[in-house]
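Work through the following exercises with the sequence and the model side by side, and try each task before reading its solution.

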Amino acid sequence: MDEPREVAIAREWLGTPYVHQASTRGAGADCLGLIRGIWREIQGAEPETPPPYSGDWAECGGAEVLWQAALRHLRPVPAQACLAAGQVLLFRMREGAIAKHLGLVSDAEGTRFIHAYTSHGVIESPLTRPWAGRIVARFRFP
């Protein structure tokens, strides 16, 4: 079975260095930049430009900014649905904090994901129990 287009595109980003607020394959991306880059290849122009954000933006307020943006532009996946390749994952990195990390399920079994991670760049990681326990929402590209 062929992998979803989103996954094939994300694989092209592997090895891209981590650069805060960037979204250019091969040159630099953060987790949002990776998803923005995939969007551009699938959908074309981005529906909105994210405002500038600091590295600690999620610690500076109580608004679920990333979650709200995902709800505006992506299709929610019901919580009871199985993990599937191509789903966008939204993570809360610690209990009580704002959801602030994104990734893309990269295999049919839902055991791996691609994301841009500080000091590592765009990588494919196992979706281990600690990572899976941080997922607060899942989405699909329209």
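**Exercise 1. Find where Glu64 lies, decide whether Glu64 is buried or exposed, and list what Glu64 touches.**

Step 1. Glu64 lies in the loop that separates helix 2 (31-43) from helix 3 (65-73), where helices (H or I, at least four residues) and strands (E, at least two) are DSSP runs, numbered from the N terminus. The structure is a predicted model, in which local features need pLDDT of at least 70 and side-chain atom pairs count only at pLDDT 80 or more, while totals for chains, interfaces and linings use all residues. Residues are numbered from 1 along each chain as its sequence is written, and side-chain values use heavy atoms, with hydrogens and water left out.

Step 2. The relative accessible area of Glu64 is 18%, so Glu64 is buried (buried means under 20% relative accessible area, exposed over 50%, partly exposed in between, with a 1.4 Å probe and protein chains only).

Step 3. Not counting residues up to four places away in sequence, Glu64 touches Arg92, Ala97, Ile98 and Ala99, a contact being heavy atoms within 4.5 Å. For Ala99, the backbone nitrogen lies 3.0 Å from a polar atom of the Glu64 side chain.

**Exercise 2. Work out how strand 5 is paired with strand 4 and with strand 6.**

Step 1. Strand 4 (residues 88-92) and strand 5 run antiparallel and are joined by five bridges (two strands pair if DSSP finds at least two bridges between them), and Leu89 stands opposite Gly103 in strand 5.

Step 2. On strand 5 and strand 6 (residues 112-117), the pairing is again antiparallel, over two bridges, with Leu104 opposite Ile114 in strand 6.

Step 3. The hairpin of strand 4 and strand 5 has six residues between the strands, and there Gly96 takes a positive phi near 85 degrees; in the hairpin of strand 5 and strand 6, which has six residues between the strands, Gly110 takes a positive phi near 70 degrees.

Step 4. As for covering, six of the seven residues of strand 5 (residues 99-105) are buried.

**Exercise 3. Name the buried residues of helix 1 and explain how they are arranged.**

Step 1. In helix 1 (residues 5-13), the buried residues are Glu6, Val7, Ile9, Ala10 and Trp13.

Step 2. Seen down the axis of helix 1, these buried residues fall within an arc of 160 degrees, so they line one face of the helix (the arc is that of the directions from the helix axis to the C-beta atoms).

Step 3. Among the elements that cover these buried residues of helix 1 are helix 2, strand 5 and strand 7.

How values were computed
A polar contact is a pair of N or O atoms within 3.5 Å; within protein, one must be able to donate a hydrogen and the other to accept it, and residues adjacent in sequence count only if both atoms are side-chain atoms.
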